[in-house]
Amino acid sequence: MARARPTSPRCPRCHAPIVLEEGRVLYTCGYCNASIDTQGEKAPRPEYQAPASTEAGQNSAGLVVGGALAVCFIAGLVVFYSVNSATEFTDGPIPSRGPGPSPVVAAPLVVEKAKFQWDSQGVPLAVDLNGDGTDDIIGRIRRLSSVAGKTETRNQVAAFDGKSFDLLWEADLEGTASDLSGTVHVVHQGGRLVMSEPGAVHLLEPGTGKALGRVALSDKPGRLCIPEEDTESVWVEVVDGQNLLLNTKTATARPAIEPPPACALAKWNHHACFLPVFRKSDVPCARPRNLPTVPGFRAEHVYKLEDLDVALGERNPGSRVPMVSVFRRGEKPALWTENVADMDPRNVKESTVDVIEFSEDALFMVYALKEGGEQLVRRDLRTGRVGWDVPIPNSKSGSGTSRIRQYGGRVYVPHWVWLDVFDAKTGNLIGTLGAW
């Protein structure tokens, strides 16, 4: 097993990585705003000292204080007699004496954007809708409103600008929450968006969300899949098997019972990972069989890439510290074996990681901490070197992350009512959609 390398400098509060600069000792964490002193001392605070005073100065100060008290006493007597006089003789209001206190200036009103919750059932679609060179974000959201003492929910598909995260457009979905579960998907094909909902698929204009067409289905929709080397068709899986091939140019559909080759899914069998794990990634996942032995590591499930086997498991013997080992298929020694986390393993929750995503040269994994919250880590696919290991905001609340997606230099992490977007190279948090 490869030897663990020293961990990178981290924030003591949230464990986010710190980039050190030569000659600098004081830092502010970009994730939780904690003040950090790399020399182990408290950050300097301004100290306020009274000026040195001589004996004469002390006497002068005493005279000044005494005089001030005398003036206050005399002023109090004047006010007392004035009030009594006004009450006794005039029985009228006390006249104003000098200008009143300065008026309170209200702070500028901060108008919050309309709140919504991100629906974390699926990963978002990333595509450049407005032609500015940055992928925009399309996915499902919920808007909650109170009407006559009851909370009403509007389910929608919405698009957000990839630079500013501002809302571009939104389209209402028809159906109850249970009907919408697993039936709402969006793909981009032929210059149009195809959106499914219970009983139908819709064609939308990408830039505005305007409805361009609708095709009724015989039952609830399943997946939407783009056939390989096709520029205008989308294969629509229907629960009752009456699948269709939708033409996005003509808004017409024809029966297509058998899926196109690129749309056929690997069927689950007893050699595959447990079904909940199997469904969390598009990369085939199997139980470990004939995997080379690595001392101190026990594999639980193995992801099959082109020429690599990526095994996720835990330390054995000992506490179940989550670990990962990568093999080149057909070769006995592992390319590398490491703990999943780039931190003290005593802080990491005992588990086997099953939320994972791959790029050409990296793998991204989500793991949990014992004190709550989740971390997103990037490791080099062929060396195991840590690129970064950062906290997922708000992950101490609600349900955890069930699936992530890496696309176009970004990593999309949906969890509970939020969608967090990270830079795939640096681990910096680009933005968050959704609110509680």
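Here is a short exchange about strands, salt bridges and disulfides in a predicted model.

Colleague: What should I know before reading the values?
Modeller: This is a predicted model, where local features need pLDDT of at least 70, side-chain atom pairs count only at pLDDT 80 or more, and totals for chains, interfaces and linings use all residues. Residues are numbered from 1 along each chain as its sequence is written, and side-chain values use heavy atoms, leaving out hydrogens and water.

Colleague: In which order do the 4 strands of the open sheet stand?
Modeller: Strands (E, at least two residues) and helices (H or I, at least four) are DSSP runs, numbered from the N terminus. Two strands pair if DSSP finds at least two bridges between them. Here the pairing is antiparallel, and the order is E12-E13-E14-E15.

Colleague: Which strands are the edge strands?
Modeller: An edge strand of this sheet pairs on one side only. That applies to strand E12 (221-225) and strand E15 (252-255).

Colleague: Over how many bridges do E12 and strand E13 pair?
Modeller: Strand E13 covers residues 233-238. Within this pair, Cys-225 stands opposite Trp-235 in E13. E12 and E13 run in the antiparallel sense and pair over 3 bridges.

Colleague: How many disulfides does the whole structure hold?
Modeller: A disulfide is a pair of cysteine sulfur atoms within 2.5 Å. Cys-225 and Cys-263 qualify, with sulfur atoms 2.1 Å apart. Cys-273 and Cys-285 qualify too, at 1.8 Å from S to S. The search finds 2.

Colleague: Which parts of the chain does the link of Cys-225 and Cys-263 bring together?
Modeller: The two cysteines are 38 residues apart. Both are buried, meaning under 20% relative accessible area; exposed is over 50%, and partly exposed lies in between (1.4 Å probe, protein chains only). Cys-225 sits in strand E12, and Cys-263 in the loop between E15 and helix H3 (275-278).

Colleague: Is the link of Cys-273 and Cys-285 left-handed or right-handed?
Modeller: Cys-273 lies in the loop between E15 and H3, while Cys-285 belongs to strand E16 (residues 285-286). Both cysteines are buried. The angle about their S-S bond is -75 degrees, and the link is left-handed.

Colleague: How many salt bridges does the structure hold?
Modeller: Side chains of opposite charge can pair when their charged atoms come close. A salt bridge here is a side-chain nitrogen of Lys or Arg within 4 Å of a carboxyl oxygen of Asp or Glu. The structure holds 17.

Colleague: Are Arg-142 and Asp-119 buried or exposed?
Modeller: Their side chains meet in a salt bridge at 3.2 Å, N to O. Arg-142 is in strand E5 (residues 136-147), and Asp-119 is in the loop between strand E3 (117-118) and strand E4 (125-127). Both residues are buried.

Colleague: Why does Asp-309 count as buried?
Modeller: Asp-309 forms a salt bridge with Lys-304, with the closest N and O atoms 3.4 Å apart. Lys-304 is partly exposed, because its relative accessible area is 36%. Asp-309 counts as buried because its relative accessibility is 7%.

Colleague: How many residues apart are Arg-382 and Asp-307?
Modeller: These two form a salt bridge, their closest N and O atoms being 4.0 Å apart. Arg-382 is in the loop between strand E23 (374-380) and strand E24 (386-391), and Asp-307 in the loop between strand E17 (297-304) and strand E18 (308-315). The pair is 75 residues apart.
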